[in-house]
Amino acid sequence: MLVRLLYVSQPVGPITTTVTTSILVKSQANNKKANITGILCQGAGLWLQALEGERSQVNRLYSRIMGDRQHHNLEILSMHEIKHRQFEQWSMALVHLDKDDPMVKMAHPEFDPYSASAEDAMSLLDVLIKSSSPITMMDA
Ligand code: FAD
């Protein structure tokens, strides 16, 4: 059964290029093996991540991510069955969230993932993917 899990968290320390690169490189290697796809959005003191794959694999990965001391205040926004992957081209891509980005301001002026619906959070990811090129380290 294919599912998508969407969660939000807060980094414990500053998000440096080293932190981001390490997460992306690990994610892209591990996720390929587990046939997981997704997107990681970072910025404005947040991480917002969508993980897609077989339910058991997504659960296993989320348990690992939950134990990562680089972030806290993890909150699942949704986890549900899907017919098709939305991020199938990326084992893990990165998009930056800049609350001052005019596209973000227009579409989501008061965006706060801790109170937003999962639908709103997915729509924000969609805006970010369309307004900037998602970054990948290893994927074509
Ligand atoms: P290694 O890096 O080789 O580490 C071995 C073991 O050491 C880990 O299993 C763990 O028990 C422990 N360990 C290592 N680093 C830490 C740490 N910082 N905190 C606590 N224990 C640690 N990983 C993915 O595979 N896919 C993803 O999509 C993904 N997304 C992430 C998104 C965010 C916002 C964050 C913060 C992390 C993400 N990670 C992701 C990383 C994940 O949390 C694990 O650190 C990673 O999966 C472990 O990779 P590994 O099993 O190859 O272990």
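A: What follows is a description of the ligand, its surroundings and the pocket there.

The model is predicted, so local features need pLDDT of at least 70 and side-chain atom pairs count only at pLDDT 80 or more, while totals for chains, interfaces and linings use all residues. Residues are numbered from 1 along each chain as its sequence is written, and side-chain values use heavy atoms, with hydrogens and water left out.

The ligand is surrounded by 19 residues, of which the closest are Lys26, Asn30, Asn31, Arg64 and Asp68; a residue counts as near when one of its heavy atoms lies within 4 Å of the molecule. In Lys26, a polar side-chain atom is 2.9 Å from a ligand oxygen, and the side chain of Arg64 places an N or O atom 2.9 Å from an oxygen atom of the ligand. For Asn30, the distance from a side-chain N or O atom to a ligand oxygen is 3.0 Å. The protein buries 69% of the 910 Å² that the ligand exposes when taken alone, the areas coming from the Shrake-Rupley method with a 1.4 Å probe, where for residues only the protein chains shown count as cover.

Among the elements that each supply at least two residues of this shell are α1 (17-34), β3 (46-54) and α2 (55-66), and α1 gives the most, with 5 residues. Helices (H or I, at least four residues) and strands (E, at least two) are DSSP runs numbered from the N terminus. By class, the shell holds 8 nonpolar, 7 polar and 4 charged residues, where Ala, Val, Leu, Ile, Met, Phe, Trp, Tyr, Cys and Pro count as nonpolar, Asp, Glu, Lys and Arg as charged, and the others, Gly among them, as polar.

The ligand takes up the space of the largest pocket, a pocket being an open set of points on a 1 Å grid over the protein atoms alone, where a 1.4 Å probe fits, with protein on both sides within 12 Å along at least five of seven lines, and lining residues having an atom within 4 Å of a point. Its lining comprises 17 residues, with Ile23, Ser27, Leu61, Ile65 and Asp68 nearest the centre of the pocket.

Technical notes:
A polar contact is a pair of N or O atoms within 3.5 Å; within protein, one must be able to donate a hydrogen and the other to accept it, and residues adjacent in sequence count only if both atoms are side-chain atoms. A molecule sits in a cavity or pocket if more than half of its atoms lie within 2 Å of its grid points.
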